Amino acid sequence: MKLIVGLGNPGVEYSQTRHNFGFMAVDNYIRRSGRVWHFQARFNAQIAELSLDAEKVLFVKPQTFYNLVGESVQRIRSFYKIDLNDVLVIHDEMALPLGAIRTRRGGSDAGNNGIKNIINTNGAEFARVRIGSGVQPNASGDAQPSSGRRDYVLGRLSSEDEATLKNELSVVDQIITEFITGKFTETTYR
């Protein structure tokens with residue numbers, strides 16, 4: 001069994017913000033598969049199930065706020081006895097510019113509080129898809145906004161940025177399928 005977790009904040013006011021790129025990614029995959037989300041109170045999460053190549057897959061959108069997602073992930077892993085190596089977490093990454101995607105397994109939280117919470121409650125050896133949400137890099141290579149980072153990640157996308165994200169989501173769909181079928185690789189997409 002595989003577990004695919006999209007990070008974001010619950011509620012309409014956050015639905016189209018940069019911090020909800022993880023939710024948007026799993027929503028896109030589930031919409032294309034024809035499945036639907038169901039709330040499961042014991043996990044405090046929206047869950048959708050599907051099978052691909054005889055592999056059962058749970059897609060999850062924790063309904064805690066972004067910084068507290070680890071408990072929901074831990075409850076689901078414990079209940080279904082899912083090994084941490086079978087977990088893929090998809091999230092926004094301000095250190096990468098919009099249009100960039102980076103995949104990896106394990107590592108630090110890189111300042112992402114949702115990832116930090118998952119690491120603290122589950123361990124670090126899960127796969128990750130980091131969807132760039134930062135600004136175009138400056139001369140020193142920094143892709144983070146110079147001020148107002150909270151407002152930035154909770155801000156809405158311009159129509160141009162939405163088009164870029166839409167293209168990224170098709171790449172993330174491919175990465176999810178590769179993860180489910182055992183072909184996950186660490187790389188950067190641009």
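Two strands pair if DSSP finds at least two bridges between them, and strands (E, at least two residues) and helices (H or I, at least four residues) are DSSP runs numbered from the N terminus. With that in hand, welcome to a predicted model in which local features need pLDDT of at least 70 and side-chain atom pairs count only at pLDDT 80 or more, while totals for chains, interfaces and linings use all residues. Residues are numbered from 1 along each chain as its sequence is written, and side-chain values use heavy atoms, with hydrogens and water left out.

**The sheet**

- Eight strands form an open sheet with mixed pairing, in the order β2-β3-β4-β1-β5-β7-β6-β8.
- At its edges sit β2 (38-40) and β8 (188-189), each of which pairs on one side only.
- β1 and β4 run parallel to each other, joined over 4 bridges.
- Which residue of β4 is the bridge partner of Val-5? That partner is Val-60.

**Helix α2**

- Gly-70, Ser-72, Val-73, Ile-76 and Arg-77 of α2 (residues 70-80) are buried, meaning under 20% relative accessible area with a 1.4 Å probe and protein chains only.
- These residues lie on the same side of α2 because they cover an arc of only 165 degrees around the axis, taken from the directions from the helix axis to the C-beta atoms.
- Their cover includes β1 (2-6), β3 (45-52), β4 (55-62), β5 (87-97) and α3 (113-122), where contact means heavy atoms within 4.5 Å.
- Just after α2, Lys-81 takes a positive phi of about 55 degrees.

**The largest pocket**

- A pocket here is an open set of points on a 1 Å grid over the protein atoms alone, where a 1.4 Å probe fits, with protein on both sides within 12 Å along at least five of seven lines; lining residues have an atom within 4 Å of a point.
- The largest one holds about 430 Å³ of space, a volume being the space filled by probe spheres set on the points.
- Its lining has 20 residues, with His-19, Asn-67, Gly-111, Asn-113 and Val-153 the closest to the centre.
- β5, α3 and α4 (149-153) are the elements that give two or more residues to this lining, and β5 gives the most, with 4.

**The second largest pocket**

- This pocket has a volume of about 320 Å³.
- Among its 19 lining residues, Ser-15, Gln-16, Met-24, Asp-27 and Arg-31 lie nearest the centre.
- α1 (21-33) and α5 (159-180) each supply at least two residues of that lining.

Methods
Buried means under 20% relative accessible area, exposed over 50%, partly exposed in between (1.4 Å probe, protein chains only).
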